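My notes follow in the order of looking.

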Amino acid sequence: MNAPPRSFHVKSFGCQMNAYDGTRMAEMLEAEGMTATDEATQADLVVLNTCHIRERAAEKVYSDIGRLKRADGSTPMIAVAGCVAQAEGAEIPRRAPTVDIVVGPQAYHRLPAMVAAVTAGARAIDTDMPALSKFAQLPVRRRQGPSAFLTVQEGCDKFCTYCVVPYTRGAEISRPWAQVMDEARALVDAGAREITLLGQNVNAWTGTDGRGLAGGLDGLIAELDRLPGLERIRYTTSHPNDMTQGLIDAHRDVGKLMPFLHLPVQAGSDRILKAMNRSHTRDSYLRILDRVRAARPDIAISGDFIVGFPGETDADFAATLDLVRQVGHAQAYSFKYSARPGTPAATLDGAVPESVMDERLHALQALIWEQATAFNAATVGRRTRILIERDGRKPGQRIGKSPWLQSVHLDTDAPIGAMLDVEIVSAGPNSVGGAALL
(Lines give C-alpha, C1' and ligand atoms only; values in the text may rest on other atoms or scores of the structure.)
Protein backbone atom coordinates (compact mmCIF):
# COMPACT_ATOMS: atom_id res chain seq x y z
CA MET A 1 0.00 0.00 0.00
CA ASN A 2 1.45 3.36 -1.08
CA ALA A 3 0.64 6.79 0.28
CA PRO A 4 -1.97 8.49 -1.93
CA PRO A 5 -0.52 11.36 -3.99
CA ARG A 6 -1.24 14.82 -2.62
CA SER A 7 0.32 16.84 -5.48
CA PHE A 8 0.54 16.40 -9.24
CA HIS A 9 2.15 17.81 -12.35
CA VAL A 10 0.72 17.43 -15.88
CA LYS A 11 3.05 17.95 -18.84
CA SER A 12 1.28 18.05 -22.22
CA PHE A 13 2.96 17.75 -25.61
CA GLY A 14 1.71 18.45 -29.12
CA CYS A 15 -1.63 19.69 -30.32
CA GLN A 16 -4.34 21.86 -28.80
CA MET A 17 -6.48 18.79 -28.19
CA ASN A 18 -3.70 17.46 -25.97
CA ALA A 19 -3.69 20.80 -24.14
CA TYR A 20 -7.45 20.41 -23.59
CA ASP A 21 -7.00 16.82 -22.37
CA GLY A 22 -4.21 17.90 -20.03
CA THR A 23 -6.39 20.60 -18.51
CA ARG A 24 -9.25 18.16 -18.00
CA MET A 25 -6.97 15.61 -16.32
CA ALA A 26 -5.70 18.34 -14.01
CA GLU A 27 -9.29 19.27 -13.13
CA MET A 28 -10.07 15.63 -12.28
CA LEU A 29 -7.05 15.34 -10.02
CA GLU A 30 -7.91 18.62 -8.29
CA ALA A 31 -11.44 17.28 -7.75
CA GLU A 32 -9.80 14.35 -5.92
CA GLY A 33 -8.17 16.81 -3.52
CA MET A 34 -4.70 16.97 -5.11
CA THR A 35 -2.76 20.19 -5.63
CA ALA A 36 -1.03 21.14 -8.87
CA THR A 37 2.68 21.98 -8.80
CA ASP A 38 4.86 23.55 -11.50
CA GLU A 39 7.86 21.33 -10.75
CA ALA A 40 7.65 17.70 -11.83
CA THR A 41 10.34 16.58 -9.35
CA GLN A 42 8.29 18.02 -6.46
CA ALA A 43 5.05 16.27 -7.43
CA ASP A 44 3.78 13.00 -5.99
CA LEU A 45 2.17 12.19 -9.36
CA VAL A 46 3.49 13.17 -12.79
CA VAL A 47 1.31 12.79 -15.88
CA LEU A 48 3.13 12.85 -19.23
CA ASN A 49 0.38 13.63 -21.75
CA THR A 50 2.06 12.53 -24.97
CA CYS A 51 1.79 13.20 -28.70
CA HIS A 52 2.72 10.65 -31.40
CA ILE A 53 2.86 12.99 -34.40
CA ARG A 54 6.55 13.88 -34.26
CA GLU A 55 9.47 11.64 -35.09
CA ARG A 56 10.89 9.53 -32.25
CA ALA A 57 7.96 10.54 -30.04
CA ALA A 58 8.14 7.36 -27.99
CA GLU A 59 11.89 7.68 -27.43
CA LYS A 60 11.42 11.22 -26.14
CA VAL A 61 8.84 9.95 -23.64
CA TYR A 62 11.30 7.40 -22.27
CA SER A 63 13.89 10.15 -21.97
CA ASP A 64 11.41 12.29 -20.00
CA ILE A 65 10.62 9.33 -17.74
CA GLY A 66 14.32 8.92 -16.96
CA ARG A 67 14.61 12.55 -15.91
CA LEU A 68 11.94 12.14 -13.23
CA LYS A 69 14.34 10.39 -10.84
CA ARG A 70 14.91 12.50 -7.73
CA ALA A 71 18.22 13.20 -6.02
CA ASP A 72 17.55 10.48 -3.45
CA GLY A 73 16.90 7.93 -6.20
CA SER A 74 13.13 7.83 -5.72
CA THR A 75 10.55 8.61 -8.40
CA PRO A 76 7.01 10.01 -8.25
CA MET A 77 4.02 8.00 -9.34
CA ILE A 78 4.28 8.23 -13.16
CA ALA A 79 1.37 8.13 -15.60
CA VAL A 80 1.92 8.09 -19.36
CA ALA A 81 -1.19 9.36 -21.13
CA GLY A 82 -2.11 10.38 -24.67
CA CYS A 83 -1.29 8.99 -28.09
CA VAL A 84 2.07 7.37 -27.28
CA ALA A 85 0.32 5.55 -24.43
CA GLN A 86 -2.32 4.33 -26.89
CA ALA A 87 0.28 3.20 -29.43
CA GLU A 88 2.76 1.60 -27.03
CA GLY A 89 0.43 0.20 -24.35
CA ALA A 90 1.99 -2.42 -22.07
CA GLU A 91 5.36 -1.97 -23.79
CA ILE A 92 5.87 1.25 -21.81
CA PRO A 93 6.15 -0.29 -18.32
CA ARG A 94 8.19 -3.15 -19.79
CA ARG A 95 10.76 -0.65 -21.05
CA ALA A 96 10.36 1.78 -18.15
CA PRO A 97 9.47 -0.11 -14.96
CA THR A 98 9.03 3.14 -13.01
CA VAL A 99 5.85 3.85 -14.98
CA ASP A 100 2.77 3.02 -12.89
CA ILE A 101 -0.09 4.05 -15.21
CA VAL A 102 -0.62 3.89 -18.97
CA VAL A 103 -3.84 5.53 -20.13
CA GLY A 104 -4.97 6.27 -23.69
CA PRO A 105 -6.63 9.50 -24.84
CA GLN A 106 -10.12 7.96 -24.82
CA ALA A 107 -9.81 6.53 -21.30
CA TYR A 108 -8.31 9.34 -19.23
CA HIS A 109 -11.58 9.89 -17.37
CA ARG A 110 -10.57 6.73 -15.48
CA LEU A 111 -7.32 8.30 -14.25
CA PRO A 112 -8.47 8.87 -10.61
CA ALA A 113 -9.50 5.21 -10.31
CA MET A 114 -6.18 4.15 -11.81
CA VAL A 115 -4.30 6.31 -9.30
CA ALA A 116 -6.26 4.61 -6.52
CA ALA A 117 -5.36 1.19 -7.93
CA VAL A 118 -1.65 2.07 -7.95
CA THR A 119 -1.94 3.40 -4.40
CA ALA A 120 -3.32 -0.01 -3.45
CA GLY A 121 -0.27 -1.68 -4.98
CA ALA A 122 -1.34 -2.48 -8.54
CA ARG A 123 -0.16 -1.27 -11.94
CA ALA A 124 -2.87 0.22 -14.18
CA ILE A 125 -3.09 0.09 -17.99
CA ASP A 126 -6.15 1.23 -19.94
CA THR A 127 -6.06 1.85 -23.69
CA ASP A 128 -9.71 1.10 -24.42
CA MET A 129 -11.47 3.40 -26.88
CA PRO A 130 -15.03 3.87 -25.55
CA ALA A 131 -17.35 6.08 -27.60
CA LEU A 132 -16.99 9.45 -25.90
CA SER A 133 -18.07 8.16 -22.49
CA LYS A 134 -15.23 10.10 -20.86
CA PHE A 135 -16.82 13.50 -21.43
CA ALA A 136 -19.91 12.70 -19.37
CA GLN A 137 -17.65 11.77 -16.44
CA LEU A 138 -15.41 14.85 -16.40
CA PRO A 139 -15.96 17.52 -13.73
CA VAL A 140 -17.80 20.77 -14.45
CA ARG A 141 -15.52 23.60 -15.55
CA ARG A 142 -15.32 26.06 -12.63
CA ARG A 143 -12.20 28.12 -13.35
CA GLN A 144 -11.17 29.40 -16.75
CA GLY A 145 -9.04 32.09 -18.37
CA PRO A 146 -10.44 34.42 -21.03
CA SER A 147 -9.78 31.97 -23.88
CA ALA A 148 -10.82 28.31 -23.66
CA PHE A 149 -10.58 25.14 -25.70
CA LEU A 150 -13.63 22.89 -26.09
CA THR A 151 -13.29 19.49 -27.76
CA VAL A 152 -16.39 18.72 -29.84
CA GLN A 153 -15.08 15.97 -32.13
CA GLU A 154 -12.43 13.27 -31.88
CA GLY A 155 -10.83 10.73 -34.17
CA CYS A 156 -10.40 10.58 -37.91
CA ASP A 157 -11.73 8.49 -40.80
CA LYS A 158 -9.53 10.08 -43.49
CA PHE A 159 -6.54 7.71 -43.13
CA CYS A 160 -3.90 10.00 -44.60
CA THR A 161 -1.01 7.64 -45.28
CA TYR A 162 1.45 9.51 -43.03
CA CYS A 163 -0.83 9.91 -39.99
CA VAL A 164 -1.26 7.85 -36.80
CA VAL A 165 -4.39 9.64 -35.55
CA PRO A 166 -6.92 7.02 -36.77
CA TYR A 167 -4.96 4.39 -34.84
CA THR A 168 -4.41 6.38 -31.62
CA ARG A 169 -7.63 8.44 -31.43
CA GLY A 170 -10.00 6.10 -33.24
CA ALA A 171 -12.80 6.74 -35.71
CA GLU A 172 -14.48 10.11 -36.19
CA ILE A 173 -17.10 10.71 -33.54
CA SER A 174 -18.99 13.85 -32.49
CA ARG A 175 -19.94 14.87 -28.97
CA PRO A 176 -23.69 15.39 -28.53
CA TRP A 177 -25.04 18.91 -29.11
CA ALA A 178 -26.46 19.27 -25.59
CA GLN A 179 -23.21 18.12 -23.97
CA VAL A 180 -21.18 20.62 -25.98
CA MET A 181 -23.55 23.47 -25.15
CA ASP A 182 -23.54 22.58 -21.45
CA GLU A 183 -19.74 22.70 -21.35
CA ALA A 184 -19.71 25.97 -23.33
CA ARG A 185 -22.07 27.57 -20.79
CA ALA A 186 -19.90 26.31 -17.95
CA LEU A 187 -16.81 27.79 -19.61
CA VAL A 188 -18.47 31.19 -19.98
CA ASP A 189 -19.70 31.05 -16.38
CA ALA A 190 -16.10 30.25 -15.34
CA GLY A 191 -14.71 33.33 -17.14
CA ALA A 192 -14.19 32.43 -20.81
CA ARG A 193 -14.86 35.18 -23.34
CA GLU A 194 -13.60 33.17 -26.32
CA ILE A 195 -14.08 29.48 -27.13
CA THR A 196 -12.07 27.52 -29.68
CA LEU A 197 -13.86 24.37 -30.84
CA LEU A 198 -11.42 21.49 -31.23
CA GLY A 199 -11.35 18.27 -33.22
CA GLN A 200 -8.98 16.18 -35.29
CA ASN A 201 -11.44 17.06 -38.08
CA VAL A 202 -13.57 19.59 -36.25
CA ASN A 203 -15.60 20.54 -39.31
CA ALA A 204 -16.76 16.91 -39.58
CA TRP A 205 -18.83 17.47 -36.40
CA THR A 206 -22.51 16.61 -36.67
CA GLY A 207 -25.26 16.62 -34.09
CA THR A 208 -28.95 16.99 -33.31
CA ASP A 209 -30.17 20.16 -31.63
CA GLY A 210 -32.85 20.54 -28.98
CA ARG A 211 -35.57 20.57 -31.62
CA GLY A 212 -34.44 17.25 -33.07
CA LEU A 213 -32.90 18.81 -36.19
CA ALA A 214 -29.62 17.40 -37.48
CA GLY A 215 -26.89 19.84 -38.40
CA GLY A 216 -23.20 20.44 -38.86
CA LEU A 217 -20.59 22.66 -37.27
CA ASP A 218 -22.19 25.79 -38.75
CA GLY A 219 -25.38 25.09 -36.79
CA LEU A 220 -23.44 24.61 -33.56
CA ILE A 221 -21.57 27.86 -34.16
CA ALA A 222 -24.85 29.69 -34.76
CA GLU A 223 -26.16 28.37 -31.43
CA LEU A 224 -22.97 29.45 -29.63
CA ASP A 225 -23.37 32.87 -31.21
CA ARG A 226 -26.52 33.30 -29.10
CA LEU A 227 -24.75 32.41 -25.84
CA PRO A 228 -24.70 35.47 -23.51
CA GLY A 229 -21.25 36.44 -22.31
CA LEU A 230 -19.41 34.69 -25.14
CA GLU A 231 -17.62 37.23 -27.33
CA ARG A 232 -15.67 35.09 -29.80
CA ILE A 233 -15.77 31.70 -31.51
CA ARG A 234 -12.96 29.88 -33.33
CA TYR A 235 -12.47 26.29 -34.54
CA THR A 236 -9.55 24.07 -35.51
CA THR A 237 -8.38 21.81 -37.18
CA SER A 238 -10.39 21.42 -40.37
CA HIS A 239 -10.20 19.13 -43.38
CA PRO A 240 -10.88 20.54 -46.87
CA ASN A 241 -13.39 17.76 -47.64
CA ASP A 242 -15.60 18.84 -44.72
CA MET A 243 -15.60 22.56 -45.55
CA THR A 244 -19.33 22.86 -46.30
CA GLN A 245 -20.99 25.88 -47.84
CA GLY A 246 -22.93 26.32 -44.60
CA LEU A 247 -19.69 26.63 -42.64
CA ILE A 248 -18.27 29.02 -45.23
CA ASP A 249 -21.43 31.13 -45.00
CA ALA A 250 -21.08 31.20 -41.20
CA HIS A 251 -17.91 33.25 -41.66
CA ARG A 252 -20.10 35.86 -43.35
CA ASP A 253 -23.18 35.63 -41.14
CA VAL A 254 -22.06 34.86 -37.57
CA GLY A 255 -20.72 37.96 -35.85
CA LYS A 256 -18.80 36.13 -33.12
CA LEU A 257 -17.01 33.77 -35.53
CA MET A 258 -13.52 35.17 -35.97
CA PRO A 259 -12.02 35.78 -39.44
CA PHE A 260 -9.40 33.06 -39.19
CA LEU A 261 -9.26 29.66 -40.88
CA HIS A 262 -6.69 26.93 -40.30
CA LEU A 263 -7.14 24.58 -43.27
CA PRO A 264 -4.24 22.16 -43.80
CA VAL A 265 -3.35 21.29 -47.39
CA GLN A 266 0.01 19.50 -46.74
CA ALA A 267 1.39 19.77 -50.31
CA GLY A 268 0.88 21.59 -53.58
CA SER A 269 1.46 18.65 -55.89
CA ASP A 270 -1.53 16.52 -56.90
CA ARG A 271 0.75 13.50 -57.24
CA ILE A 272 1.94 13.85 -53.64
CA LEU A 273 -1.57 14.65 -52.37
CA LYS A 274 -2.78 11.40 -53.93
CA ALA A 275 0.09 9.46 -52.33
CA MET A 276 -0.86 11.05 -49.00
CA ASN A 277 -4.51 9.97 -49.53
CA ARG A 278 -5.58 13.55 -48.90
CA SER A 279 -8.71 13.13 -51.11
CA HIS A 280 -8.56 16.74 -52.31
CA THR A 281 -6.59 18.28 -55.13
CA ARG A 282 -4.62 21.46 -55.42
CA ASP A 283 -7.39 23.02 -57.50
CA SER A 284 -10.23 21.95 -55.20
CA TYR A 285 -8.34 23.38 -52.21
CA LEU A 286 -7.81 26.73 -53.92
CA ARG A 287 -11.46 26.87 -54.97
CA ILE A 288 -12.52 26.37 -51.34
CA LEU A 289 -10.37 29.32 -50.31
CA ASP A 290 -11.90 31.41 -53.09
CA ARG A 291 -15.35 30.72 -51.66
CA VAL A 292 -14.20 31.47 -48.12
CA ARG A 293 -12.69 34.78 -49.16
CA ALA A 294 -15.82 35.68 -51.10
CA ALA A 295 -17.79 35.18 -47.86
CA ARG A 296 -15.25 36.93 -45.60
CA PRO A 297 -12.74 39.04 -47.57
CA ASP A 298 -10.57 39.91 -44.54
CA ILE A 299 -10.11 36.29 -43.39
CA ALA A 300 -6.64 35.16 -42.31
CA ILE A 301 -5.55 31.80 -43.72
CA SER A 302 -3.32 29.31 -41.93
CA GLY A 303 -2.20 25.86 -43.07
CA ASP A 304 0.00 22.81 -42.51
CA PHE A 305 2.70 21.54 -44.85
CA ILE A 306 4.87 18.42 -44.98
CA VAL A 307 8.08 18.51 -47.00
CA GLY A 308 10.05 15.46 -48.07
CA PHE A 309 7.18 12.99 -48.32
CA PRO A 310 8.47 9.77 -49.95
CA GLY A 311 8.88 10.30 -53.67
CA GLU A 312 8.66 14.11 -53.52
CA THR A 313 10.67 15.55 -56.40
CA ASP A 314 12.01 19.05 -56.94
CA ALA A 315 9.02 19.68 -59.22
CA ASP A 316 6.60 18.51 -56.53
CA PHE A 317 8.17 20.83 -53.98
CA ALA A 318 8.14 23.70 -56.47
CA ALA A 319 4.37 23.11 -56.78
CA THR A 320 4.05 23.50 -53.01
CA LEU A 321 5.91 26.80 -53.08
CA ASP A 322 3.70 27.97 -55.93
CA LEU A 323 0.57 27.05 -53.94
CA VAL A 324 1.83 29.01 -50.94
CA ARG A 325 2.41 32.04 -53.16
CA GLN A 326 -1.14 31.79 -54.50
CA VAL A 327 -2.73 31.48 -51.06
CA GLY A 328 -0.88 34.13 -49.06
CA HIS A 329 -0.77 32.96 -45.44
CA ALA A 330 -1.11 34.87 -42.21
CA GLN A 331 0.72 31.96 -40.58
CA ALA A 332 1.40 28.30 -41.29
CA TYR A 333 3.06 25.26 -39.79
CA SER A 334 5.59 23.23 -41.74
CA PHE A 335 7.45 20.03 -40.94
CA LYS A 336 9.80 17.50 -42.43
CA TYR A 337 8.20 14.14 -43.14
CA SER A 338 8.92 11.53 -40.50
CA ALA A 339 7.80 7.92 -40.81
CA ARG A 340 5.30 6.79 -38.20
CA PRO A 341 5.37 3.04 -37.50
CA GLY A 342 2.25 1.28 -38.73
CA THR A 343 1.27 3.91 -41.29
CA PRO A 344 1.19 3.08 -45.03
CA ALA A 345 3.67 5.82 -45.90
CA ALA A 346 6.31 4.22 -43.66
CA THR A 347 6.66 1.40 -46.22
CA LEU A 348 6.92 3.60 -49.32
CA ASP A 349 10.04 3.78 -51.45
CA GLY A 350 11.64 7.05 -52.50
CA ALA A 351 12.90 8.39 -49.17
CA VAL A 352 14.05 11.99 -49.53
CA PRO A 353 17.57 12.62 -48.11
CA GLU A 354 17.64 14.52 -44.83
CA SER A 355 19.79 17.27 -46.35
CA VAL A 356 17.24 17.81 -49.12
CA MET A 357 14.39 17.94 -46.60
CA ASP A 358 16.31 20.51 -44.57
CA GLU A 359 16.85 22.66 -47.65
CA ARG A 360 13.20 22.46 -48.69
CA LEU A 361 11.92 23.20 -45.20
CA HIS A 362 14.18 26.25 -44.97
CA ALA A 363 12.90 27.57 -48.31
CA LEU A 364 9.27 26.97 -47.37
CA GLN A 365 9.58 28.56 -43.95
CA ALA A 366 11.32 31.59 -45.43
CA LEU A 367 8.38 32.10 -47.79
CA ILE A 368 5.83 31.63 -44.98
CA TRP A 369 7.78 34.07 -42.79
CA GLU A 370 7.71 36.61 -45.62
CA GLN A 371 3.94 36.20 -46.01
CA ALA A 372 3.26 36.41 -42.26
CA THR A 373 5.33 39.59 -42.08
CA ALA A 374 3.42 41.07 -45.00
CA PHE A 375 0.05 40.10 -43.50
CA ASN A 376 0.87 41.74 -40.18
CA ALA A 377 2.25 44.85 -41.89
CA ALA A 378 -0.97 45.21 -43.87
CA THR A 379 -2.93 45.49 -40.62
CA VAL A 380 -0.97 48.51 -39.36
CA GLY A 381 -3.39 51.43 -39.05
CA ARG A 382 -6.37 49.10 -38.69
CA ARG A 383 -8.69 49.70 -35.74
CA THR A 384 -10.06 46.57 -34.15
CA ARG A 385 -11.09 44.93 -30.89
CA ILE A 386 -8.79 42.60 -28.98
CA LEU A 387 -9.21 40.21 -26.08
CA ILE A 388 -6.65 40.81 -23.32
CA GLU A 389 -5.26 37.37 -22.43
CA ARG A 390 -2.14 37.80 -20.29
CA ASP A 391 0.61 40.05 -18.99
CA GLY A 392 3.50 40.93 -21.27
CA ARG A 393 7.16 40.70 -20.39
CA LYS A 394 7.53 44.42 -19.77
CA PRO A 395 6.00 46.28 -16.79
CA GLY A 396 2.56 47.65 -17.66
CA GLN A 397 2.36 45.58 -20.85
CA ARG A 398 -0.52 43.31 -21.80
CA ILE A 399 -0.90 40.82 -24.65
CA GLY A 400 -4.19 40.30 -26.41
CA LYS A 401 -5.44 38.50 -29.50
CA SER A 402 -6.81 40.25 -32.56
CA PRO A 403 -9.68 38.75 -34.56
CA TRP A 404 -7.02 37.39 -36.98
CA LEU A 405 -5.25 35.52 -34.13
CA GLN A 406 -2.36 37.97 -33.99
CA SER A 407 -0.65 38.54 -30.66
CA VAL A 408 -1.06 42.25 -29.92
CA HIS A 409 1.40 43.85 -27.46
CA LEU A 410 0.37 47.13 -25.86
CA ASP A 411 0.70 49.25 -22.73
CA THR A 412 -2.57 49.29 -20.82
CA ASP A 413 -4.00 48.73 -17.39
CA ALA A 414 -7.04 46.94 -18.83
CA PRO A 415 -7.65 43.73 -16.86
CA ILE A 416 -7.10 40.21 -18.17
CA GLY A 417 -10.29 39.19 -19.98
CA ALA A 418 -11.23 42.69 -21.10
CA MET A 419 -12.29 43.46 -24.65
CA LEU A 420 -10.37 46.56 -25.74
CA ASP A 421 -10.54 48.80 -28.81
CA VAL A 422 -7.07 49.35 -30.26
CA GLU A 423 -5.24 50.59 -33.30
CA ILE A 424 -2.46 48.41 -34.68
CA VAL A 425 0.59 50.64 -34.85
CA SER A 426 3.51 48.32 -35.62
CA ALA A 427 4.16 44.84 -36.98
CA GLY A 428 6.69 42.02 -37.06
CA PRO A 429 6.56 38.45 -38.38
CA ASN A 430 5.13 36.97 -35.17
CA SER A 431 3.14 39.75 -33.49
CA VAL A 432 1.92 43.32 -33.77
CA GLY A 433 1.96 46.36 -31.54
CA GLY A 434 -1.20 48.15 -30.52
CA ALA A 435 -2.32 51.38 -28.90
CA ALA A 436 -5.53 51.58 -26.85
CA LEU A 437 -8.17 53.88 -28.30
CA LEU A 438 -9.74 56.38 -25.91
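For secondary structure I took DSSP runs, with helices as H or I of at least four residues and strands as E of at least two, numbered from the N terminus. This is a predicted model, where local features need pLDDT of at least 70 and side-chain atom pairs count only at pLDDT 80 or more, while totals for chains, interfaces and linings use all residues. Residues are numbered from 1 along each chain as its sequence is written, and side-chain values use heavy atoms, with hydrogens and water left out.

**Entry 1: annotated cysteines**

I looked up "binding site" in UniProt, where an unreviewed entry lists Cys-15, Cys-51 and Cys-83. They are spread over 69 residues of sequence but cluster in space, with a largest C-alpha distance of 10.9 Å. UniProt positions are in the numbering used here, feature names are shortened, and annotations may be inferred rather than shown by experiment.

I placed Cys-15 in the loop between strand S1 (7-12) and helix H1 (16-31). Cys-51 is in the loop between strand S3 (45-50) and helix H2 (57-66).

Are these two buried or partly exposed? I used relative accessible area: buried is under 20%, exposed is over 50%, and partly exposed is in between (1.4 Å probe, protein chains only). Cys-15 has 37%, so it is partly exposed. Cys-51 has 17% and therefore counts as buried.

**Entry 2: backbone exceptions**

Most residues other than glycine have a negative phi, and most peptide bonds are trans. I noted the exceptions below.

The peptide bond from Thr-236 to Thr-237 is cis, with omega near 0 degrees. Thr-237 sits in the loop between strand S13 (232-236) and helix H10 (245-253).

The loop between helix H11 (270-275) and helix H12 (282-295) holds Asn-277, and Ser-279 lies in the loop between H11 and H12 as well. Asn-277 has a positive phi, near 60 degrees; for Ser-279 phi is positive at about 65 degrees. I have Asn-277 as partly exposed, at 35% relative accessible area. Ser-279 is partly exposed too, at 48%.

**Entry 3: helix H14**

I checked the length of helix H14 (354-378). Its expected span is 1.5 Å times one less than its number of residues. The 25 residues should therefore span 36 Å, and the end C-alpha atoms are 36 Å apart, which agrees.

Which residues of H14 are buried? Among them are Met-357, Arg-360, Leu-361, Leu-364, Leu-367, Ile-368, Ala-372 and Phe-375. An α-helix has 3.6 residues a turn, so residues three or four places apart point the same way. The buried residues of H14 pack (heavy atoms within 4.5 Å) against strand S15 (300-307), helix H13 (314-327), S16, strand S20 (419-427) and strand S21 (431-436).

**Entry 4: second largest pocket**

A pocket here is an open set of points on a 1 Å grid over the protein atoms alone, with protein on both sides within 12 Å along at least five of seven lines; lining residues have an atom within 4 Å of a point.

I counted 17 lining residues, with Ala-330, Gln-331, Ala-372, Pro-429 and Asn-430 nearest the centre. Strand S16 (331-336) and H14 are the elements that give two or more residues to this lining. H14 gives the most, with 6 residues.

**Entry 5: TRAM range**

UniProt lists residues 377-438 for "domain: TRAM", in an unreviewed entry. Over that range I read 3% helix and 55% strand, with the end C-alpha atoms 23 Å apart.

Methods: 1 Å grid on protein atoms, 1.4 Å probe; cavity = no way out; pocket = protein on both sides within 12 Å on 5 of 7 lines; lining within 4 Å.
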